[in-house]
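Visitor: I would like a walk through this model. Please define each term as we go.

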Amino acid sequence: MLLSEILYTIPLRTVSGKTDINIEQIEFDSRQVKANSLFVAIPGTQVDGHLFIEKAISLGAIAVLCERLPEIIEPNITYLQVENAAMSMGLCAANFYQHPSKKLGLIGVTGTNGKTSIATLLFNLFRKLGYKCGMLSTVQNQIEDEVIPSTHTTPDSVKINELLALMHQKGCVYVFMEVSSHSVELHRITGLHFAGGIFTNITQDHLDFHGTFENYIKAKKGFFDKLPKSAFALTNADDKNGKVMLQNTAATKYSYSLKNSGNFKGKVMDCGLFGLQMDVNGQEVWFKLIGKFNAYNLLAVYGAAILLGENSENVLTVLSELTPPPGRFEQVAAPDQRVGIVDYAHTPDALENVLETIEDLKEGHQKVITVVGCGGNRDKGKRPLMAKIACQHSDVVILTSDNPRNEEPEDILADMQAGVSITQRRKVQQIEDRRAAIIKACEIANPEDIILIAGKGHETYQDIKGVKSHFDDREELLKAFLA
Ligand SMILES: CC(=O)N[C@H]1[C@@H](OP(=O)(O)OP(=O)(O)OC[C@H]2O[C@@H](n3ccc(=O)[nH]c3=O)[C@H](O)[C@@H]2O)O[C@H](CO)[C@@H](O)[C@@H]1O[C@H](C)C(=O)N[C@@H](C)C(=O)N[C@H](CCC(=O)O)C(=O)O
């Protein structure tokens with residue numbers, strides 16, 4: 001595509017060089033640059049992309065979009081100076097791929113917990129309703145049956161537009177995507193046209209990146225601020241920031257609720273290891289999903305489907321057949337009566353939800369044994385909180401490693417241990433090795449006791465000092481059960 005066509009919506013500060021040149025690729029990582037690329041220099045958190053302009057040119061970049069012009073200007077290279085390179089890249093990517101988001105029904109889901117469940121449920125629901133669909137999620141990206149591994153919850157703007165263009169080309173009508181707060185802040189979703197936005201809830205997470213809870217809320221809200229008038233904005237009326245999210249949106253506002261008034265009202269009537277019985281807008285339904293937190297996910301999905309014009313009865317019939325996404329309250333069967341549950345809960349709120357669900361499900365005599373860790377090089381504030389919550393709701397807690405990355409595992413465990421009160425200490429053990437922790441939990445458990453392995457869910461690796469080795473909680477739990 002001609003550079004001038006890629007740039008037509010971009011506010012440029014200065015232009016040096018020709019814009020009637022043909023660009024074959026947009027790239028922001030010099031290591032990936034190929035011939036005839038437009039290289040976008042982004043000031044990062046680790047290094048400054050402007051340092052790699054020369055390298056990108058040597059690898060074939062013929063145009064450079066940047067915030068600061070380099071000292072040496074190469075002849076035959078076009079330099080475009082902009083205020084914000086990441087934001088401009090979003091707009092360029094949308095132009096380059098000819099705005100696939102406008103040709104699809106793109107629905108974004110944001111919030112601390114529930115994004116993956118809602119995006120996956122919507123994807124499965126709409127496929128069963130007869131539509132071709134795509135999905136961008138933490139677990140995986142998907143175009144109908146084709147699975148494309150995902151690296152981020154929300155990928156970069158070039159990747160998103162490339163995937164959306166492919167989805168459109170393959171006939172997808174709807175795409176359901178997770179929108180992380182990082183993606184709003186880093187302009188990964190800039191230039192996208194959403195047909196709808198869903199907010200789940202907001203609790204402490206990612207403060208390492210956003211600095212304060214207020215900034216985190218602001219980032220999430222940024223998604224709704226940019227929704228067009230034609231879109232719907234569906235919020236959780238039971239979350240105290242639900243209304244805040246929609247304060248400045250141009251989209252039409254709707255809400256769902258289990259406790260307050262809302263456009264989509266639900267009531268949990270029964271909840272057990274076999275499912276969830278709910279009243280949804282006056283209709284009684286049994287769902288295969290477990291746990292009250294899923295009542296919110298189901299209600300959000302139901303609301304979005306109705307707003308997209310689907311028939312209520314059809315939606316509820318299909319929803320009642322759907323099973324949980326991988327690693328979300330996933331049960332691992334033991335040969336005896338021990339109950340194993342693997343869940344992605346890696347925030348205080350998610351852990352509390354899962355443990356409260358287990359409390360609702362268990363009969364009086366069952367013990368709850370929780371294995372939990374916290375990631376390294378990420379928000380440290382949640383470490384003591386997660387240990388505290390685990391102790392409040394479990395009979396035995398094994399603190400262990402969960403992607404320690406470049407931190408020392410024992411330092412993370414010490415941070416977690418700080419949340420354990422003197423009276424709770426007797427129920428807590430520290431076992432740094434996650435495999436050994438899972439084995440220990442299985443040894444302690446008697447038939448009918450419930451073992452929760454929290455934090456990794458669908459993830460299949462453990463990141464220690466930058467090396468990712470295969471590790472799957474579900475496999476490890478099964479092996480330990482069978483040992
Ligand atoms: C904190 C964060 O989000 N960082 C993102 C950010 O990295 P960064 O600013 O540190 O990049 P950098 O390494 O300093 O490099 C700056 C620039 O120089 C370029 N560069 C760098 C080296 C080189 O040799 N050549 C080169 O051109 C880089 O491509 C980049 O454009 O920009 C990179 C390029 O877009 C992202 O890949 C990277 O995501 C990292 C990998 C990441 O893991 N992010 C996570 C935390 C994330 O995004 N998570 C969210 C939320 C998850 C959730 O909800 O739980 C997600 O959506 O996945």
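Guide: A residue is buried if 20 or more other C-beta atoms lie within 10 Å of its own, exposed if 12 or fewer, and partly exposed in between, with C-beta atoms placed from the backbone. This is a predicted model, where local features need pLDDT of at least 70, side-chain atom pairs count only at pLDDT 80 or more, and totals for chains, interfaces and linings use all residues. Residues are numbered from 1 along each chain as its sequence is written.

Visitor: Is Glu67 buried, exposed or partly exposed?

Guide: Glu67 lies in the loop between strand E4 (61-66) and strand E5 (78-81). Helices (H or I, at least four residues) and strands (E, at least two) are DSSP runs, numbered from the N terminus. Glu67 has 19 C-beta neighbours inside 10 Å, so the class is partly exposed.

Visitor: Which residues does Glu67 touch, not counting those up to four places away in sequence?

Guide: Two residues are in contact if their C-beta atoms, placed from the backbone, lie within 7 Å. Leaving out residues up to four places away in sequence, Glu67 touches Pro43, Gln81, Val82 and Ala85.

Visitor: How far apart in space are Glu67 and His50, C-alpha to C-alpha?

Guide: Along the sequence, Glu67 and His50 are 17 residues apart. Their C-alpha to C-alpha separation is 8.2 Å.

Visitor: Which feature does UniProt place at residues 23-96?

Guide: Over residues 23-96 the chain is 24% helix and 23% strand, with the end C-alpha atoms 9 Å apart. UniProt positions follow the numbering used here, feature names are shortened, and annotations may be inferred rather than shown by experiment. The unreviewed UniProt entry gives the feature as "domain: Mur ligase N-terminal catalytic".

Visitor: Which residues come nearest to the ligand?

Guide: A residue is near a molecule if its C-beta atom, placed from the backbone, lies within 6 Å of it. There are 20 residues around the ligand. Those that come nearest are Gly44, Gln46, Gly49, His152 and Ser180.

Visitor: How many residues of each class does the shell around the ligand have?

Guide: Ala, Val, Leu, Ile, Met, Phe, Trp, Tyr, Cys and Pro count as nonpolar, Asp, Glu, Lys and Arg as charged, and the others, Gly among them, as polar. The shell has six nonpolar, eleven polar and three charged residues.

Visitor: Where is Lys220 found, and is it buried or exposed?

Guide: The unreviewed UniProt entry annotates Lys220 as "modified residue: N6-carboxylysine". Lys220 sits in helix H9 (residues 213-225). Beyond four places in sequence, its contacts are Thr110, Gly111, Ser181, Val184, Ile202 and Met245. With 25 other C-beta atoms within 10 Å, Lys220 is buried.

Visitor: Why does Thr112 count as buried?

Guide: Thr112 is one of the residues under the UniProt annotation "binding site" (unreviewed entry). Thr112 is in the loop between strand E6 (105-110) and helix H5 (115-128). Thr112 counts as buried because its C-beta neighbours inside 10 Å number 21.

Visitor: Which residues are in contact with Asn113, leaving aside neighbours within four places in sequence?

Guide: Asn113 is also found in the loop between E6 and H5. Asn113 counts as buried, with 24 C-beta neighbours inside 10 Å. Its contacts, local neighbours left aside, are Thr200, Asn201, Thr347, Asp349, Ala350 and Asn353.

Visitor: What covers the buried residues of H15?

Guide: In helix H15 (residues 409-417), Ile412, Leu413 and Met416 are buried. They lie on the same side of H15 because they cover an arc of only 100 degrees, taken from the directions from the helix axis to the C-beta atoms. The cover includes helix H14 (382-393), strand E20 (396-399) and strand E21 (428-430).

Visitor: What is the phi of His99?

Guide: Most residues other than glycine have a negative phi. His99 lies in the loop between helix H3 (85-96) and helix H4 (100-103). His99 is not a glycine, yet its phi is positive, at about 50 degrees.
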